[in-house]
Amino acid sequence: MHYFTKVHIFQPSSRLCPMIKQQNKTVHNSVTSIFVSVSQSSLSLRNVSRSRVGQQTSEKSVVITTLLDPRLVSTNVSPEVKLTKVHFKRIAFLKVHKAGSTTAQNIFLRYGEYRNLTFVLPIIREDHLDNVISVQSTLNDKNILPPPQNRTYDILCCHVLYSSEAFHKYMPTDTAYIGIVREPFDQFLSTLNYFRAPHIFERIKAHNKVLKYLQDPTQYKHGLPYRWSMTNNRMAIEFGFPSNLFRQYLEEESMNYLTKLDKEFQFVIIMEYFTESVVMMRRILGWTTKDVLYLRKDSARWSYSFADNTHRHLYERFAKLDYDLYNFFYRRLWSQIQKEGLDFNLELLYFDRLRKEVEDYCTYTVDKSSGYIVAASMWSATFVVSRDDCDYLKKSELFFVERIRRRQYGFQKRGNLMEGVVISLNGSHS
């Protein structure tokens, strides 16, 4: 039987929460979460399950539960917790289309809004969505609002094309650059399903229009500027690859540009390994566990009638830049994870379980008045997931953009005299 009650945090016994001894210090390798709606049996079982993340069997050996991906098992068994000494407050997030970027973006929107930080926001225009800076160009004075008077930009996370020069012009020097990529063929299929590209679905006369397109994509470009395309190496477009590479692929030049990106981006999320990426990103940014919690957004799995995985090899021939990009940062993610050692694997298991509990709490629990209390762990201080936290985890990008626009500039939706606002703001910065 379940009942609503106020459950106090208590110090778990060694029977329920075995401990890892670490350099003469006793550290709990689990978290005790207090749910508002509980039964005695379910609370006990949950704590026992969590305690098995790390279980002492001797002074020198630790047994862990089987992890989801064998590639995460490291040969470095040092129990030392490696946390970054740098704390990044400012973020430039490259929000790539159809790559899981809405889920990631919510992390940065919440982080900045909780702290009253200043966001880069688009000017409202008739031919653009209010939350999109540009899908064809990078940052410039004509597509973004100036920062409020006596403020500098802290966070950029709306759709716009990357340019190192432009981003560094507007973002402070202590900004962390974060990107996201997805397996290119899956990203291509998701893009087709969402945008229903007219040059494929309307102009091609064939029983299987997408298969016909994939056999020779170059004949369907119709002379449009490459930046307008959502199907021609779109991720590479958004990462700002040199324009000549879209006309003629040169492997050496592609690799040279990736080496440049490697130096400019602190981290790039891999959508297929989103949880692993978020845990790694937390360490790099020096953020808390609560900062990087997320609920999955726009994550429905589609079965596309117009193409399947047997057509992947056709797209690989065409999307060489996207595959260079994805493979490069895929390898870098696993290299970064490997350097973190066994402690990363333990945090990953902890975070994955905790994230699912928070998602269920925010989704299904009716009475959230007491909050969801998470006790201290090796990777986090004690924190509470409140009703407001749950609301923010669920909110859309457009909700945040409108709220932030009102906070920063005093207006929210269309119908405002944008030209007058921009002129006034530009005048205050001159």
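These are my notebook entries on a predicted model of one chain.

**Ground rules.** I number residues from 1 along each chain as its sequence is written, and I leave hydrogens and water out, since side-chain values use heavy atoms.

**Overall count.** I looked up the secondary structure and found 16 helices and 13 strands in the chain. Both are DSSP runs numbered from the N terminus: helices are H or I with at least four residues, strands are E with at least two. Of the 430 residues, 54% count as buried. Buried stands for under 20% relative accessible area, exposed for over 50%, and partly exposed for what lies in between, with a 1.4 Å probe and protein chains only. I then looked at contacts, meaning heavy atoms within 4.5 Å. Among the contacts in the chain with a separation of 6 or more, 74% are accounted for by residues 24 or more positions apart.

**Cysteines.** How many disulfides does the structure hold? I find 1 disulfide, a disulfide being a pair of cysteine sulfur atoms within 2.5 Å. The bond joins Cys-362 to Cys-390, with 2.1 Å from S to S. The two cysteines are 28 residues apart and tie distant parts of the chain, Cys-362 sitting in helix 13 (residues 342-364) and Cys-390 in helix 14 (residues 387-394). I read -70 degrees about the S-S bond of Cys-362 and Cys-390, a left-handed link. Both Cys-362 and Cys-390 are buried.

I also checked Cys-157 and Cys-158. Cys-158 is in no disulfide. Cys-157 counts as buried because its relative accessibility is 1%, and Cys-158 counts as buried because its value is 2%.

**Helix 13 against helix 14.** I took the axes of the disulfide-linked helices next. The axes of helix 13 and helix 14 come within 10 Å and cross at roughly 95 degrees. That angle makes helix 13 roughly perpendicular to helix 14. Axes here are lines fitted to C-alpha atoms, for helices over the stretch in contact, and angles run from 0 to 180 degrees between N-to-C directions. Angles under 35 degrees count as roughly parallel, over 145 as roughly antiparallel, 65 to 115 as roughly perpendicular, and the rest as oblique. Helix 13 makes the contact through Val-358, Tyr-361, Cys-362 and Thr-363, and helix 14 through Cys-390, Leu-393 and Lys-394.

Helix 13 also holds Asn-345. I list Asn-345 as buried because its relative accessibility is 1%. Asn-345 and Glu-276 are 69 residues apart in sequence, and their C-alpha atoms are 9.0 Å apart in space.

**Helix 2 against helix 15.** Helix 2 (residues 101-114) and helix 15 (residues 397-409) have axes that come within 11 Å and cross at roughly 25 degrees. This makes helix 2 roughly parallel to helix 15. From helix 2, the residues Gln-105, Asn-106, Leu-109, Arg-110, Gly-112 and Glu-113 meet Glu-397, Phe-400, Arg-403, Ile-404 and Arg-407 of helix 15.

**Nonpolar cores.** I define a nonpolar core as a set of buried Ala, Val, Leu, Ile, Met, Phe, Trp, Tyr and Cys residues joined through side-chain atoms within 4.5 Å. Which residues have the most contacts inside the largest nonpolar core? That core has 99 residues, and I note Phe-108, Leu-139, Phe-239, Phe-241 and Leu-261 as those with the most contacts inside it. Helix 13 gives the most to this core, 10 residues. Apart from this core lies another of 15 residues, including Leu-214, Tyr-220, Leu-314 and Phe-318. For Leu-139 I set aside the neighbours within four places in sequence; its contacts are then Val-120, Ile-133, Ile-144, Leu-156, Val-160, Leu-161, Ala-166, Phe-167 and Tyr-170.

**Positive phi.** Most residues other than glycine have a negative phi. I noted Lys-98, with phi near 55 degrees, in the loop between strand 8 (90-93) and helix 2. Lys-98 counts as partly exposed, at 22% relative accessibility. Asn-150 has a positive phi of about 65 degrees and lies in the loop between helix 2 and strand 9 (155-156). Is Asn-150 buried or exposed? Asn-150 is exposed, because its relative accessible area is 73%.

Definitions and conventions: This is a predicted model: local features need pLDDT of at least 70, side-chain atom pairs count only at pLDDT 80 or more; totals for chains, interfaces and linings use all residues.
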